[in-house]
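User: I would like to learn how to read a few features of a model. Please take them one at a time.

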Amino acid sequence: MQSSIIGSSAFLRFLKRWGVNLGIGLVVLVTIIWGYIVNDKVTVAVLASTVRQATPLVLGALCGLMGERAGVINIGIEGQMLLSAFIGFLFNVWTGNLLIAVFAAAMTGALLGLFLAFMSVSLRMDQIIGGTVINILALGLTGYFYQAGLVTQGKLQPIALGSLAEIPLIGPVLFNNPPITYTAIVLVLVVHYVLFHTRWGLRTRAVGEHPRAADTLGVNVYLMRYANVIIGGAIAGLAGAFLTLEAVGSFERAMTNGRGFVALAVMIFGRYTPLGAWGAALLFGLASAIQTQLQFFGTFNIPHQFIGMLPYLLTIIVLAGFVGRTHIPAADGEPYEKE
Amino acid sequence: MKKLYFVLAALLVASMVLTACGPAATEAPVPAATEAPEATEAPTEAPTEAPMEIDCTSPDYFCVGLVTDVGEVDDKSFNQSAWEGVLAAQDSGIADEVQYIETKDAKDYAANIQLFAEQGYDAIVTVGYAMGQATAEEAANYPEIYFIAVDQFQAETIDNVSGVIFNEDHSGFLAGALAAQLSESGTIAAVLGTDLVPPVVAFKEGYEAGAKYINPDINLIATYHPGGLDVAFTDPEWGATTTKQAIDQGADVVFGAGGKTGNGALIEAAGNEGVYCIGVDSDQWLSVPEAHPCLVSSAMKLITPAVSQKINEANDGAFVPGNHIGAAALAPYHDFDSVISDEIKAKIEEIAEGLKDGSIKTGYGG
């Protein structure tokens, strides 16, 4: 008797902790399998589109959460992505070497990260203003210096991972992608590991929760904040590189089109964790891909704007109904002053 | 510390100024009106040294101003085509002074038009369906100025406004007929801007009708961008990923119609073996070189000659108000000229004739 009660309460606790993720995962899985049986080509197309649309979002979210875990709010992700996309594009035009171009884009993101860290850590500026400065700066600089008629030499091509790419359904979706998409997946795992299983990660979180305590124990608060924001910036730069060097292959003004801000939502949606952000980005990508697919089918005689709400509606429902309270790093957005 | 704030402030201001004047300032700054209305995109380094003094208020000079829709004058699309029409008028000596203002925000339409009007410009070209209301209102305020309203259908005739419109459904129909004949898989796709803009809908409806005219059983998959006017034409990555999704499910011809969003679709299609793509508005062979591997043609509306013709009319005092229907046609096949069979070419020409004499109907707009 006693043991069954304990068992059920443990089960309840497990449900409470993981129920949402399990539920969403199960629904998605069943839908995918059903879709694959009905029409395999369409299902693969939708899932491939999901992964692709999730990539810049999850990279942006990683940038955001590295900063916020260390106590620096970064709303300049949009600007970091845009300027990096532009610089990467320019380097591709000038050198024709995609590797150099990707590197240049990441460096641009890192530099803007340094700029943000300087404003928010050293100058102790309002961090929202700091991020806005970056957004406006990027929009202005790229708008002014972009000239029509610059033509690039190709873009990053998909690399099939041997026999893995031949697995039905999963193969073409996960194991036949261009390099930045793979990098994004690896980065999710790396950032998760670093944040929660290393000394560096512990210090980062300490600096974001209680910088005074961390400082007392000899952690260099400024250094941790600088480093995390700069590394995050490089990741946002990669998101920019994804747009111009891998996905589109060309630059257009304001082409990030709000992806940096959606990335912020994805980060909060994912409870400031890399794995959560990944899940949220994939869910968002899936909703976008499905709304495109519904239009393709054209069988539903409802205005497409209505279908277009799908990703956002889904976000609101999941956020309001299931995710529950999110723990925000306690010192998030607060400048730290040494005594 | 204060110095640093100053540097930051200076950077911020500089970036705003850069956004505001953009390329307009580098080419030829607009001389600012003395009572410039607020919230316009008047370049800040105003009263400028124009190469020679042209006073637009004087009847001796014929001045033409162009207000773009939200976007840039070098957008490889309709703003650029219209501006080229204005430049053509200048080259042929009709217009003595030509200027453009790039609209950054839809709320600035009226203010940007006024900027030219207050300087005594003789003709103002307003580009884009979205500017229709602002154009009509300002035309009432400035009855002595000619307004050339690109893509703006005039339901009622205003004496000093001519709406330059096109039968987009005709060139869309030709594009659809071409796509249906080129397709081997029997699935063709269209990746579109937004249906908030009637010309885009006309292109789409024409495309569908044209494809069905050739092959009634064709599988046609089309999608509009889900966003509003502010993002629907500037999202190349959405266009690209949507195109990929269409190609993955068997589409082998893609029609990209929607500014930069459509350009993204064309470039994506170019990266896929055995896929053809069709551009829109102008001959995109010239404007999107990245799409050369797939671009068989473009569903054009010939904005440039229509705009320069209307400027000519305004200068001669023979301005015809109401609606001016410009030409809509397919662009040359360029490198695909040898790929496309004579049979297909003949069929396209036959349809073009049919559309012209009315024996073939697209079914769009009644």
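User: In what order do the strands of the open sheet in chain B lie?

Analyst: Strands pair if DSSP finds at least two bridges between them. Helices (H or I, at least four residues) and strands (E, at least two) are DSSP runs, numbered from the N terminus. Here six strands form an open sheet in chain B, in the order E2-E1-E3-E4-E5-E11, with parallel pairing. E2 (97–101) and E11 (322–326) of chain B are the edge strands; each has a single partner strand, so one side of each has no neighbour in the sheet. On average, neighbouring strands are turned by 20 degrees against each other, direction ignored. Axes here are lines fitted to C-alpha atoms, for helices over the stretch in contact, with angles from 0 to 180 degrees between N-to-C directions.

The model is predicted: local features need pLDDT of at least 70, side-chain atom pairs count only at pLDDT 80 or more, and totals for chains, interfaces and linings use all residues. Residues are numbered from 1 along each chain as its sequence is written, while chains are lettered from A and ligands numbered from 1 in the order written.

User: How many bridges join E1 to E3 in chain B?

Analyst: Four bridges link E1 (residues 63–67) and E3 (residues 123–127) of chain B, and the two run parallel. Within E3(B), Val125(B) is the bridge partner of Leu66(B).

User: Which residues of helix H4 of chain B are buried?

Analyst: Start with the general idea. An α-helix has 3.6 residues a turn, so residues three or four places apart point the same way. A residue is buried with 20 or more other C-beta atoms within 10 Å of its own, exposed with 12 or fewer, and partly exposed in between; C-beta atoms are placed from the backbone. In H4 (residues 132–141) of chain B, the buried residues are Ala134(B), Thr135(B), Glu138(B) and Ala139(B). Down the axis of H4(B), they fall within an arc of 130 degrees, so they line one face of the helix. That arc is of the directions from the helix axis to the C-beta atoms.

User: What covers the buried residues of H4(B), and which exposed residues does the face turned away carry?

Analyst: The cover includes H3 (109–118), E3, E4 (146–150) and E5 (161–166) of chain B. Gln133(B), Glu137(B) and Ala140(B) are the exposed residues on the face turned away from the buried side.

User: Which domains does the assignment give for chain B?

Analyst: Domain bounds come from an automatic or database domain assignment. In chain B it gives domain 1 (20–45 + 54–166) and domain 2 (168–301 + 333–357). Their C-alpha centres lie 30 Å apart.

Conventions:
Contact = placed C-beta atoms within 7 Å.
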